[in-house]
Amino acid sequence: MIPDWLSSIAEHARRRPQALAISAAGESLTYGELVAHAQGLAARLAAAGMGRESLVALALPNGLARAAATLAVLQAGAAYLPLSPNDPPGRLESVLWDSGAELLLAPPELAKQLVAGSWSTWAIQGLEDLPAAGGPIPLPTAAPEDLAYVIYTSGSTGAPKGVEIEHGALAQLIAWHQSEYQVTPADRASLLVHPSFDAAVWELWPYWAAGASLHVAPPEARLDPRVLRDWLLSERITIAIAATPLAEKLITLPWPAETPLRALLTGGDRLRRHPPAGLPFSLVNHYGPTEATVVTTYGSVPPEGDGLPTIGRPVPYLEVRICAGDLAPVAAGAAGELCIAGAALARGYRRDPRLTAERFVMEPATGRRWYRSGDCARWRADGALEFLGRADRQVKIRGWRIEPAEIERQLIAHPAVAAAIVEVAAPSRGDPAADPRLVAYLAACGGERPGLAAMRAFLRSVLPEPMLPSEVRWLAEMPQTAQGKWDRAALATAPVLPADDAGEPVAAAALSPTVAALAGILAEALGAENVGPDQDFFLLGGHSLLGVQLIARVREEMGVALPLRAIFDHPTAARLAEEIDRRRAGDALEAAR
């Protein structure tokens, strides 16, 4: 059978062809146009041999063409592999080889950067490359066990791993979401999540299956919560999904007493805030590994509650058990590994039966299949789940699920590195709402010891920005235990050697008052002892969300309102101080008039 939710999209196009399906950057597609473009590409895909169990990779920018192409892949009967066109070519190539994808859809400029592989490449610039079908095409049949999509996450082996999700599991998510959040054709939902995250699946299909409209947020709205709030209001968004760090900032902003937004859904990281009283929409926290099709538990977050918010209760089609190492349940209220069973578990890991058998295990007594998440949790007395963190070394930074072993694997490819260990350091200045920091401990092959800027530049060709270390520490040798294993506990106190480009700190007295003040703000934001006037904010581990906080600090403490763009244009304390002094002088001149 064709999945009901997929055939319902074609039915919306037939019954309501002029209804809005998606809008982005001033452009839009009606349901009639969307399905026509998707079916035109689906016919081409089918003619090229793409069908059941074929995998088509999508590395298109978030927008109309990407959305239509994703629908086209499923309408052709194939499965899709979402990739980000902004990822380094080396990482994209690694995933393409590992996945065995047969076809890649990418912008022409990206297609030229990638080496030739076992896959074919179709250059897609925009909707003009997706000619609309002349009429309806027969939709292929799809069984619940057929592959729907593959998502790559950071792997404990040091290499990314592909999670295979079947149509039956995806259908469970869609049906639950539509029922729980009462989605109707009148809803206007946001497309905000990074397109290669599994939450992007959650943002897309439940709404199109219900005949609602989707609205792609502009890039600046993903960086600045104030811009996002204003965009949500201007677009009359009724349901939005935002990664945890962004949602935490949104709920602290002032909102009008009446707003079209009725629910803000969040997940992907540990929620550290309760909403304030009087927030005019509900905040719902979600938890779920990619291996359980996006959402495993959920719960509304009460205002101004005590302690950290919980991750709620399981969705109806999944069972959660807090286990000891052998799948045996722990005592009530005790901590253990969060294990998941039910109809939405992944098929397994792409072309990796060993890892699949390790993480997806059968319970001998019942024959039930369980996924061992590697997360620690415990049941509270009220029946909600309290999340306690990772059982292994995985960490989430700005929504990215990161395994330090993958970063280590890339670091030891550098000719100057003999050994590498990446550790997760505490958030800056002990702020529980700040991001963890990645610290790379390196042993040198010889005399060369590149500094942070050089090592980040090396990694940037193969890793996305959230996986780049915030700090590099060169050691004479890696500390070892008596058993000959690396002694991770001794890393923090091991003597550190200077990097080749390590500069002398500048005395505070030599700095102008503006530069000194900015250097202090930067150091506190980055969790560093000190920041030199010419040290680059981004090379020290800064990023867009931290930049938003920095702009707010400058506004509050220095009385100057800077746009976020100023951090990108002037990323050092010295250069940003010049911009601040220039604006102050302009304001003073204006006031004198």
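1. Helix 1 and helix 2 are oblique to each other, since angles under 35 degrees count as roughly parallel, over 145 as roughly antiparallel, 65 to 115 as roughly perpendicular and the rest as oblique. Helix 1 (residues 4-15) packs against helix 2 at an angle of about 130°, and their axes are 8 Å apart. Axes here are lines fitted to C-alpha atoms, for helices over the stretch in contact, and angles run from 0 to 180 degrees between N-to-C directions. Helices are DSSP runs (H or I, at least four residues), numbered from the N terminus.

2. This is a predicted model: local features need pLDDT of at least 70, side-chain atom pairs count only at pLDDT 80 or more, and totals for chains, interfaces and linings use all residues. Residues are numbered from 1 along each chain as its sequence is written, and side-chain values use heavy atoms, with hydrogens and water left out.

3. Which residues meet where helix 1 packs on helix 2? Ile9, Ala10, His12 and Ala13 of helix 1 are in contact with Tyr31, Gly32 and Val35 of helix 2 (contact means heavy atoms within 4.5 Å).

4. Among the buried residues of helix 2 are Tyr31, Leu34, Val35 and Leu45 (buried means under 20% relative accessible area, exposed over 50%, partly exposed in between, with a 1.4 Å probe and protein chains only). Just after helix 2, Gly49 has a positive phi of about 95°.

5. The count of disulfides (pairs of cysteine sulfur atoms within 2.5 Å) is 0. Cys339 is in no disulfide, and the nearest cysteine sulfur, that of Cys323, lies 3.6 Å away. Cys339 counts as buried, at 0% relative accessibility.

Conventions:
Helix = DSSP H or I, 4+ residues; strand = E, 2+ residues; numbered from the N terminus.
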